[in-house]
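Take a look at the chain below. We will walk through its spaces, its cores and its rings.

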Amino acid sequence: MEIRKILVGSWSILMVFIIWGCVSSNKSSTRKTDAQTGVEFTKHIIHEEFISEGVAVGDVNLDGLKDVLAGAYWFEAPDWVAHEIQKPQKFDYATGYSNSFLNFVMDVNSDGWIDFIRIDFPGEGVYWYENPKGLEQHWKEYLIDSSVCNESPMMVDVDDNGRMDLVFGHEKSGTMMWLQSPDKGKALEWKAIPISTENAPATRRFDHGLGFGDVNGDNRKDIITRYGWWEAPQNRQEVPWTFHEASLGEPCAQMYAHDFDKDGDKDIISTSAHAYGIWWHEQQEVANESIFISHLIDSSFSQTHGLAFTDMNKDGLPDLITGKRFFAHQGKDPGGLEPALLYWIEMSRDKDLHPYWNFHLIDDDSGAGLQVVIDDMNEDGLPDIINSNKKGVIYFQQKSR
């Protein structure tokens, strides 16, 4: 197992430039360590062909086991028997893309059976597919919206009502938008609520970077982009939300808010989608205004286009799980022909509560897609990793300690 320990001296960083009220630094130091964690994985290849760069998990057939859904298929646990959700298409990873970039599950129509949500190529549609309740047939398709932009659209509970909603940039209107999911027992309509004015940042077809977290500490989760963040009002249906401009790094994947340095405010994590770099952006107050100082965590592998954020080793600190997106642009990105690595990145703190990270290599022939899903697949209390990309659909089962 390859492990690298990366130290970040957040209080000794030289301020280099200020853009939109943000200070950025790329200083970091690295050293090898032989520390062992006891966290190991067994690799299960569920499907070898390129079908999707998104993936989801849920109990499709109500047998008590967690199944895997990706693109045109759902794979029945425990033997991963393939069933068609829709008619499959053939995709060539060397020349193009699939029609499935991100996948989610939820019981859209509140009938007790989980349904499937597929987000197509950026700028195209998002659809939901109605679970046929045990019948071996294609699932009925419904269009939710035809213009889903930003390459990390989210499914999160925006209004705290216990139902998941969709968040994405909307190219046709030029707004950042959330779609409120249908209420139980009501018409199956998704209510579109723009949170921005027109021509808003992060709303174009191929914009990168989107997150959901409480940036300002008011106990309401905000919508985060690399250009800044929209402050959630008490009534989430108010429009527009207040936008706070900030420079939060390069084009990235999923973004998360967390107090990494234990100073009482929330910082932001991001990973480079098509180049090299993983960063944490430290929030500080300067002249009564919040700014973000960007700290480089690592730049040894590229195309970290999917990022999960969870406590992998149960030590009370959140970790990062990411990997190289295999052939993101057919090998033309920086590092595009390098191995498809997958890491879990262990967060720790030094005696001054500054964060540092240990990199633990899980696999060198899988990488990540546009999503990295973490779930306890076999109900043993340990988080597992589920992935779908141009290498296929792969499940990494954490071994019992």
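What volume does the second largest cavity have? The second largest cavity has a volume of about 40 Å³. A few ground rules come next. This is a predicted model, in which local features need pLDDT of at least 70, side-chain atom pairs count only at pLDDT 80 or more, and totals for chains, interfaces and linings use all residues. Residues are numbered from 1 along each chain as its sequence is written, and side-chain values use heavy atoms, with hydrogens and water left out.

Now the terms for spaces. On a 1 Å grid over the protein atoms alone, a cavity is a set of points where a 1.4 Å probe fits but cannot get out. A pocket is an open set with protein on both sides within 12 Å along at least five of seven lines. Lining residues have an atom within 4 Å of a point. Grid points are joined across faces, edges and corners, and a volume is the space filled by probe spheres set on the points.

Stay with the second largest cavity. Its lining includes Phe101, Leu102, Ile119, Asp120 and Pro153. Strand E14 (149-156) gives the largest share of this lining, three residues. Strands (E, at least two residues) are DSSP runs, numbered from the N terminus. By class, the lining has seven nonpolar, one polar and two charged residues. Here Ala, Val, Leu, Ile, Met, Phe, Trp, Tyr, Cys and Pro count as nonpolar, Asp, Glu, Lys and Arg as charged, and the others, Gly among them, as polar.

The whole structure has two cavities of 30 Å³ or more. The largest cavity has a volume of about 70 Å³. Among the residues that line it are Ile51, Tyr73, Lys87 and Phe91. Its lining divides into five nonpolar, three polar and one charged.

Next comes the open space. The largest pocket has a volume of about 870 Å³. It is lined by 32 residues, and the closest to its centre are Phe104, Met155, Val156, Met164 and Tyr256. Several strands each supply at least two lining residues, including E10 (102-106), E14 (149-156) and E22 (254-258). The lining counts 22 nonpolar, six polar and four charged residues.

Turn to the cores. In soluble globular proteins, nonpolar side chains tend to be buried together. A nonpolar core is a set of buried Ala, Val, Leu, Ile, Met, Phe, Trp, Tyr and Cys residues joined through side-chain atoms within 4.5 Å. Buried means under 20% relative accessible area, exposed over 50%, and partly exposed in between (1.4 Å probe, protein chains only). The largest nonpolar core has 18 residues, and Met155, Leu166 and Trp190 are among those with the most contacts inside it. E10 provides the largest share of this core, three residues. Leu166 touches residues including Val126, Ile144, Met155 and Trp190, not counting those up to four places away in sequence. Such a contact means heavy atoms within 4.5 Å. Apart from this core lies another, of 17 residues, with Val158 and Phe212 among them.

Now the rings. There are 20 aromatic pairs in the whole structure. Rings of Phe, Tyr and Trp (its six-membered ring) pair if their centres lie within 6.5 Å; planes under 30 degrees apart count as stacked, over 60 as edge-to-face and the rest as tilted. Phe116 and Tyr129 form a tilted pair, 6.1 Å centre to centre with 40° between the planes. Phe116 is buried, at 0% relative accessible area. Tyr129 is buried too, also at 0%. Why is the pair of Phe260 and Phe309 edge-to-face? Their planes stand at 70° and their centres are 6.0 Å apart, so the pair is edge-to-face. Phe260 is buried at 0% relative accessibility, whereas Phe309 is partly exposed at 21%.

Last, the backbone. The peptide bond from Ala77 to Pro78 is cis, with omega near 5°. The bond from Val239 to Pro240 is cis as well, with omega near -10°. Ser110 is not a glycine, yet it has a positive phi of about 55°. Ser110 sits in the loop between E10 and E11.

How values were computed: Helices (H or I, at least four residues) and strands (E, at least two) are DSSP runs, numbered from the N terminus.
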